[in-house]
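Let's take a friendly walk through this structure together. Please have the coordinates open in your viewer as you read.

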Amino acid sequence: MEAVLKNLSSTAELLAVASQSGAVAQWDKQTLSRAFHWARYCEHISSRFHNNSAIKGIMEKQLQFTNQSLRAAFPGYTDISFSDLSCCQHLLLVGLLKNPELPISIMKILFDTTSPVNNQQSDYQDVTGFCSHIIQCKSARKVLSPLTDLSAVGADVEVQGAMLMERLAALLSQESEACRTEHFLDSVLQGGEGAAGHFCLVIAAALLTTKISAAQTASQGFLLDWLQKKHSVLQLMCSALPTTLLIDLAKGHLQFRAAYCDVLKKWASDMEYSMSEGEWVQPSTNRTVSFKRLTEHFLALFESCPSLREDVENDLNALNISDGDFDVKGLSVWGDLLSALNK
Amino acid sequence: MSQLQPQNQLQQTSEPPLNVQELQFWLDKAAAWGQADSPDTRKDTCLHLSRLKDYLQLLLTHMNNMSSTTERMKTLPLLGQFLGRLCWNPYVTADATGRRLLLQCLWGLYSEHPGNALERKANQWIRKVLCQLATEEDDDAAALALMKRMGVSPKEYHLKVLKMMVALLQENIGKSCRSLVDLNQRCSCDNIRATSEACVPLVTCPEAALLIGALLQQPMTCVRAALSQDFLDALSSAYSSQCISLEEQAVVSLWYHNLSSLEDAVLSLLECVLTNTGSTPQELKQQLAQSLLPKACAQHCSIFLVANDIFRSFLKQTEGNESVKYLIQTFSSCFLRELARLQHKTSGSWKALFPQSPQSLLVPLLTRPSEMPREAWKHHLNWLSGSLQTLTEEEEEGDGDGSRSTRLEGHHKVFEAWFLLIQCAHWVQVAVWLLVTSDPEDCGPLLWLLTFYHHPTNRGHHRASQLVHAKEAWDHLHSLYSVSSCPLPVDRLQSLVTLLSPQPERPSLSPLFILNLLVNFAVFFQQSLSGSAEILQTVVNRSGLVNEAACVLRSLELRLNEDSCLSSDTNRVHLRINALQNTLTHMHAASDPAGNQAHAHINAQNQTAVSSSSTPPGSLQNDK
């Protein structure tokens, strides 16, 4: 364990030198290869222990300690944490390319276009052409994306959904307490600006994965359970995602269908009749959906799940009755909803 | 512009001069492509990609001729803008050659020791652009942040997404439509053409290989499912310069769709085989199998017709060179075997495969000896010989009178019959084998057939004397091998050796013909092994044809391995062949100077199809 911690520290120092120090001017191909080898090692460590909170904690402490000394040594230094380790090679690359002291010969090695591409995830990858391959990959994606943009969920979101499922499956297979997996999902939500919105799309893709194993079914179940408790996420999903996706989700998962209905009813119940607009609207603090849109949601849901119609109409009817069962527009959102649905 | 003149004079005359207007043209193109991302701009990019790469190569050459970045920027002020725009064009950067040339141009603008502000700025700009290209993640920021939480690195993510895209597109191709009825109806096949176009810069991208394979092999039932020609050309040139490897079926499909790639493949096979004449028959067979051409010909009649046409031209051009004949024979045998494996119905499709051959000869020649009872062979060959004889007689009659067109037609028929015979050389070998066990009265048709095989034209009316020599050779061989006592009759031996050594003054019979007969006698005649070996050894030694004899033995062995119908007792025959081969190897080790002189004399008269310098050991001059 000590050896591993020492290696982590050394790699953090290596990253600092790569991005901040003029010492890179002395680097040759061998140094470069070794540096990337160490970065790969850290990526490997990260994937090995990211589910092991005890060891992860020890490593995090070590990194903090190293950060302190590196901060003192390099004025422009940014701390690295355990979560950064999964992208260690990328960090190294960015640091190197931004370092004005990097010899052009090293850059030529990284951008070399002659060597054949080695896709194996082995430790003996050659660093030659590392950047050339990245550029090829990114460009190929751009070339092909106009052809694949036709589906509701793009290839990129599908991949993210698949990765989410993999991660959930790994967590669920190891942890006996579900809360750690929940914490993981919670932390993803708080990722930053727009993270929640993006995450909704990824969750949808994950739930819509069709070719699944038993482990993945469990992951989907867990995800749905978690969603039940996260009303804000559910609401965000229902307002931000395209209707076609929502319908597919409702068709695929009964649990989601029920939750979706609940969100729609909640939206309706929060609505007030606005005299000036002549329409039911949500409170001004949280305008996400219009009455018309709400109606469209319900209609789309009924079209794809016809069995639902009767139950929902009965519910709406009961609610309308409790509101007084008037036949006049503007008095009960339930009545108006029913008439809009039955037009 | 005036600055260019002195420079052009310093440059070598082989390079085309640099035209600044051309740079403007390409810069405008690059700007237009970068501005809008519509199907039209994408199509235009793919259309121009190949020419753009040629232009970049030209630019690079000129840049290398200049000594500093300052000079380059002065001569080509738009260069920086141009390269900068290309860096952000994914079609250029996805393509291996495009990326290489672009990067080399950028390095060309980098100065190791910048001498002024311009050069320093250029250096900074180049570093910045390259850093952005490799690490900028604006489009995927949210995705990458999420992926980092899952422990997936950016490089891994890009690769996975690319693979997912390829998989999705592959699925779409599988669902090609079957409707040929309503051309106005939209079908999903429109995207096949668009996909193939998008793959123009991706032919060298390993992740796209499966997609490219799927595009090549899709059923093509719909009119709209045609592949883009630019795609086929790009694929073809990448494959022939061995930048990529394709699956077997993908290669066959490529040849099927793209004539020039097929022609390239056949021509390079011919060149490879005919320059590498040291290979054994077994090695040649392997080479042919590896080329995938026999398989491809078996799958598509159109491919066979093209390949056969090329062989035909080669045969004509080289005037029946032995190496070419041998290649054609071996190719045909591989091809027919592949055809049989695919279980095509035989008789119906022969006409489609051999439209120019005399129809009456098709089935008789293409039927393999193994498909016929052995007792029927002699009759069959007699019939074949007779038919061919009739054909040549008709040609000769036509030569005398009749219009030019009937004469040409006659020559054509005879040539085609001979070409078919070469391709069905299994019957020629059966004829040789039968000669070993024939009576003198029965030899005629067989000898005629073999003489025709080696000398299809009757220039100078030499056939009559050739037939006489053939009979003589057979007589000598028959009596030599029938004699059970030693010493061997000297006069017979000497006559045989004389026949085997061609004299330039008189028209002679192909030594290979006689050698083949000799070897077959040695293997199959009912004589003791030692006796046969001694005869073979003596004759071969004196005529200096050791290597050639060894070659004939190897071919015979190979044929026996494939078609064991020639002998009922294959083990014994193999042992016998091995023993004879050993005899020859020992002889070769102790080489005979007199023999070598004769050998050199023969080889000096050889012509090879492709290179005039090398003398192939196994081929003899075809003296007509």
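This is a predicted model: local features need pLDDT of at least 70, side-chain atom pairs count only at pLDDT 80 or more; totals for chains, interfaces and linings use all residues.

Start with chain B, whose secondary structure amounts to 32 helices and 0 strands. The chain has 624 residues, and 52% of them count as buried. Among its contacts with a separation of 6 or more, 71% link residues 24 or more positions apart.

Now zoom in on helix H7 of chain B, residues 96-109. Its 14 residues reach 20 Å from the first C-alpha to the last, close to the 20 Å expected at 1.5 Å a residue. At the start of this helix, a side-chain oxygen of B:Asp95 comes to within 3.1 Å of the backbone nitrogen of B:Thr97. Is H7(B) largely enclosed or largely open? Because 10 of its 14 residues are buried, the rest of the structure largely encloses it. Those buried residues include B:Arg99, B:Cys105 and B:Trp107, along with B:Leu101, B:Leu102 and B:Leu103.

Finally, turn to the largest nonpolar core, which holds 304 residues. Which members touch the most others? They are A:Leu110, A:Phe111, A:Leu164 and B:Phe82. Helix H28 of chain B, residues 511-524, gives the most to this core, with 11 residues. Domain 1 (20-135) and domain 2 (477-590) of chain B each contribute at least three residues to the core. For a close look, select A:Leu164: the residues it touches include A:Phe184, A:Leu185 and A:Phe199, as well as B:Met150 from chain B.

Key
Residues are numbered from 1 along each chain as its sequence is written. Chains are lettered from A and ligands numbered from 1 in the order in which they are written. Side-chain values use heavy atoms; hydrogens and water are left out. A nonpolar core is a set of buried Ala, Val, Leu, Ile, Met, Phe, Trp, Tyr and Cys residues joined through side-chain atoms within 4.5 Å. Buried means under 20% relative accessible area, exposed over 50%, partly exposed in between (1.4 Å probe, protein chains only). Helices (H or I, at least four residues) and strands (E, at least two) are DSSP runs, numbered from the N terminus. Domain bounds come from an automatic or database domain assignment. Contact means heavy atoms within 4.5 Å. The expected span of a helix is 1.5 Å times one less than its number of residues. A polar contact is a pair of N or O atoms within 3.5 Å; within protein, one must be able to donate a hydrogen and the other to accept it, and residues adjacent in sequence count only if both atoms are side-chain atoms. Lists of a residue's contacts leave out its neighbours within four places in sequence.
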